[in-house]
Amino acid sequence: MIDKRHLFRGFHPDEIGKTTIILNGEKIRGEWVYWNIKGELVNSETVEECPYFEYGYKKSYVHELEVIPETIGQWVIMDKRGKDLFYGDKVKITFDNREDISYEEGIICWDDCEFFVKTQNEEYALIPNRTEVIGNKWEEAK
C-alpha cells in the first residue's frame, strides 16, 4: 500500500489548464498539482515523481510553481470507491438505517485534531465506507 499520509494538493493557475475553479467569485483556469512532504511533484495515484511541464519547462518541485494557497489541502483517506479524499473535497454521505437510505452532501473540514464532514446543518465523523467524493468546494458542479 502506498503511503499517502503526506500527500498534498493545490491548484496551479495556468491559462491553458483544463480545469476551472471559482475563488472569491473569480473563475480561474489551471490544473490540480500534487506533491509529497519533500515538495516533489507526484502523480496522485502512484505517488511517484511526476514533473509538471509548463510552457516547455520541466518543474519537479511545488515551489517552482504558483499554487493558490486557499486551495491547498492534505490527503485525508480513501472513499468507499477507493478515490482519494482531500481537505476541501465535496462528498456525499450515505445513511442507511435498514428501512431507507438517505444522502447528504458536505465538505471535508479540519478542526484542531480531526477531519470531519460539514453539511449545511450538521457535522459528521468521516466514515470512509459511507463517504464518496463528488468534487471539491472550488470547482463548478458538472
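Is W32 buried or exposed? W32 is buried, with a relative accessible area of 13%. The model is a predicted one, and the points below start from this residue.

1. **The surroundings of W32.** W32 lies in strand 3. Its ring and that of W138 have centres 5.9 Å apart. Ring pairs join F11, W32 and W138 into a cluster. There is also a charge here: the charged end of R9 sits over the ring of W32, 4.7 Å from its centre.

2. **A second ring pair.** The structure holds six aromatic pairs. One of them is Y34 with F86: the ring centres are 5.7 Å apart and the planes are at 55°, so this pair is tilted. Y34 belongs to strand 3 and F86 to strand 7 (residues 84-86). The two are 52 residues apart, and their pairing again links distant parts of the chain. Y34 has a relative accessible area of 19%, which counts as buried because the cut-off is under 20%. F86 is buried at 2%.

3. **The largest nonpolar core.** This core has 12 residues in all. Among them are W32, Y34, F86 and W138, together with F11 and L7. Strand 2 (19-23), strand 3 (26-35) and strand 6 (68-78) each give two or more residues. Strand 3 gives the most, with three. In soluble globular proteins, nonpolar side chains tend to be buried together.

4. **Contacts of L7.** Leaving aside residues up to four places away in sequence, L7 touches Y34, W35, V42, S44, G73, Q74, W75 and F86. Y34, V42, W75 and F86 are core members, as is L7.

5. Five strands form an open sheet in the order 11-10-9-8-12, with antiparallel pairing. Strand 11 and strand 12 (131-136) stand at the edges; each has a single partner strand, so one side of each is left without a neighbour in the sheet. On average, neighbouring strands are turned by 40° against each other, direction ignored.

6. **Strand pairing.** Strand 9 (residues 101-111) pairs with strand 10 (residues 114-119) over six bridges. C109 has F116 in strand 10 as its bridge partner. Strand 10 pairs with strand 11 (residues 123-125) over three bridges, and K118 stands opposite E123. These two strands form a hairpin with three residues between them.

7. **Two turns to check.** Most residues other than glycine have a negative phi. D112 is not a glycine, yet has a positive phi of about 60°. D112 lies in the turn of the hairpin of strand 9 and strand 10, which has two residues between the strands. At 70% relative accessibility, D112 counts as exposed. N24 is another non-glycine with a positive phi, of about 55°. N24 is placed in the loop between strand 2 and strand 3, and counts as exposed at 74%.

8. **A further charge over a ring.** The charged end of K92 sits over the ring of Y103, 4.7 Å from its centre.

Technical notes:
Residues are numbered from 1 along each chain as its sequence is written. This is a predicted model: local features need pLDDT of at least 70, side-chain atom pairs count only at pLDDT 80 or more; totals for chains, interfaces and linings use all residues. Side-chain values use heavy atoms; hydrogens and water are left out. Two strands pair if DSSP finds at least two bridges between them. Helices (H or I, at least four residues) and strands (E, at least two) are DSSP runs, numbered from the N terminus. Axes are lines fitted to C-alpha atoms, for helices over the stretch in contact, and angles run from 0 to 180 degrees between N-to-C directions. A nonpolar core is a set of buried Ala, Val, Leu, Ile, Met, Phe, Trp, Tyr and Cys residues joined through side-chain atoms within 4.5 Å. Buried means under 20% relative accessible area, exposed over 50%, partly exposed in between (1.4 Å probe, protein chains only). Contact means heavy atoms within 4.5 Å. Rings of Phe, Tyr and Trp (its six-membered ring) pair if their centres lie within 6.5 Å; planes under 30 degrees apart count as stacked, over 60 as edge-to-face and the rest as tilted. A charge sits over a ring if NZ of Lys or CZ of Arg is within 6 Å of the ring centre and within 35 degrees of the ring normal.
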